[in-house]
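Hi,

Here is the structure I promised to pass along.

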Amino acid sequence: MKKILLLPLVFASGIFALDLSATGGYDIRSSHLVHPSAYIPAMCYTKTVDRKGRKHNPCFACHIEPKAPNYAFGDEALQAAYDFPDPALKNPYSNLFRDFRPLIAKIDDATIKRYVSESNYFDSEGRIVLRKKLLHLPAQWDENGDGKWSGYLPDCYYHFDDHGIDHAPDGRATRWAAFAYTPFLGTFWPTNGSTDDVLIRLPASFARARRGGDYNETIYRLNLAVVESLIKRKDIAIDPVDERSLGVDLDRDGRLDVARKVTFDWAPLQGRMMSYVGEAKELLTRGKVHLAAGLYPEGTEFLHSVRYLGFDKNDSVILAPRMKELRYAKKVLWASYADLHNKGLADFREGDLDPESLEHFSGSMERGLGNHMGWVYQGFIEDRNGDLRPQSREETLNCMGCHSGIGATTDGTFAFPRKLDAASSWRRGWYHATQKDLHGIPEPRLCDGSYEYTRYLRFNRSGNEFRNNDEVTRRFFTPSGELNATMIRRLHRDVTLLLLPSTRRALRLDKAYKALVETQSFIQGRAAHGASLDNVVWREVNASQPTHLKIVHAPVCNPSHR
């Protein structure tokens, strides 16, 4: 019999029972932080020198010299020392030291395959389960007791057209746009436990030719291309369009005619400007929306589903229907270069003046947490029954460190700058993982021409931060620990050689995460693993303890690439 934990819940009308069985007794409405340093990820406690004295540097993936308007001053120095405030010196992620193998052993292959193939986002009639629950808010999710959900209501139907635009069952475009991208380094590679997708949505005004007009997909796709150009700081190929109908010189050739690209040419101090199209252009002219290189316009949203490793009929690894998490972000305020510079400088000075202070992120479970850069982040995670539930404030806090002040991000984000190239990719890179996978995608290259994934393998000497991916080690390293040149050459041509695990490993990782879900102990760490990671993770570090690593610097790029 399932144990049900009931707590009294007091309303004006009386006392009701609060069922916390799905969260293992954890009241997700609580604003109390068990671990106030939860914004520091578990990966940051990795031991960088192994028992044989070999050095491993996964730190440079995130902690690198930033590029304006990212002003994470001195971030690359975190490669050299565990520069934690006092409350974070003791590793709060006790799950890293837990042996999950007994729980994993209870799950057979057929059971986990069936489990990950079942959607916990849609019901049997195609309705969004989580949305329905939030509209009829359970008491155990109602943080302020007002009977209403104050945060994001899931509204993506994962029904994408030939341009990656999502449509509701009634045919209406939701404006969620799917894009293909190369996963970020280490943890985000599917071989380390999860598949995922990311969608972007611009405000409704970016999809209208004029105020009060109907949805216009051409206008919307052009504005998505303008944003892509600003974020990547490069020219973006588009389908031919007559600029005279738009009143915007998209290709910056000095005349209004047929454009086949959005040219990146933004240097306002030299009088070189860019523009959105349609109603968004009018709003830009009136100062109601903003445009700048490296920044998204206010109102931009992202939706990120983190999923189990799924299997096709041939047992090859694919995006699973079942979600582990659903993450949401919205840019609610515009912060200029000056605003962001002042914020970065203040953070840098505060770190010098009071190195023991913890960062504070305002917000709540229902509304999400702000990152001090204009964005609000919110998340949903799997409960013990396999359904999605809101994250607690502390569970969301775990997301904030990576999205608020590290050198590797662009306006606090990871995926969109990594979108596949519009000139050479299928459907210009606008498609979902269910429409096409990453097979045949070449390894991403940095601005100096070096191969990004190879670079990570070389400096980290492993396929992830915790160095427990034996499969990648066997594939890409020789017995002496050197890179396997033959495999690296193959990786240059097809990233899936590295990204996708074998069926056997995928099953083991799915079982490990399912075992973690059963415990509902996400605030103690949510990395899926089997045996304890004691050999590769510190239980406690000293203040400013050295990592003994040499700092890996960002590539020096030609100015034309910037």
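The largest cavity has a volume of about 40 Å³. A cavity here is a set of points on a 1 Å grid, over the protein atoms alone, where a 1.4 Å probe fits but cannot get out; points are joined across faces, edges and corners, and the volume is the space filled by probe spheres set on them. Searching the whole structure turns up three cavities of 30 Å³ or more.

Before you dig in: this is a predicted model, with local features needing pLDDT of at least 70 and side-chain atom pairs counting only at pLDDT 80 or more, while totals for chains, interfaces and linings use all residues. Residues are numbered from 1 along each chain as its sequence is written, and side-chain values use heavy atoms, with hydrogens and water left out.

Back to that cavity. Its lining (residues with an atom within 4 Å of a point) consists of Pro69, Asn70, Leu295, Leu340, Met373, Thr409, Thr410, Asp411 and Gly412. By class that makes four nonpolar, four polar and one charged, where Ala, Val, Leu, Ile, Met, Phe, Trp, Tyr, Cys and Pro count as nonpolar, Asp, Glu, Lys and Arg as charged, and the others, Gly among them, as polar.

Pro69 sits in the loop between strand 2 (14-19) and strand 3 (81-82). Helices (H or I, at least four residues) and strands (E, at least two) are DSSP runs, numbered from the N terminus.

Then there's the second largest pocket, at about 1,700 Å³. A pocket is an open set of points with protein on both sides within 12 Å along at least five of seven lines. Its lining runs to 49 residues, and Pro417, Arg445, Leu446, Cys447 and Glu452 lie nearest the centre. The lining splits into 23 nonpolar, eleven polar and 15 charged residues.

Arg233 lies in the loop between helix 4 and strand 7 (236-242). Arg233 isn't a glycine, yet its phi is positive, about 55°.

Now the helix packing. How far apart are the axes of helix 2 (residues 109-116) and helix 12 (residues 503-519)? They are 10 Å apart, at an angle of about 75° (axes are lines fitted to C-alpha atoms, for helices over the stretch in contact, and angles run from 0 to 180 degrees between N-to-C directions). The two helices are therefore roughly perpendicular, a label for angles of 65 to 115 degrees. Asp109, Ile112, Lys113, Tyr115 and Val116 of helix 2 meet Leu507, Asp510, Lys511 and Lys514 of helix 12, contact being heavy atoms within 4.5 Å. That contact has four nonpolar, no polar and five charged residues.

A salt bridge joins Asp109 and Lys511 at 2.5 Å, N to O; the pair is 402 residues apart in the chain. The whole structure has 36 salt bridges (a side-chain nitrogen of Lys or Arg within 4 Å of a carboxyl oxygen of Asp or Glu).

Cheers

Methods:
Parallel < 35°, antiparallel > 145°, perpendicular 65-115°, else oblique.
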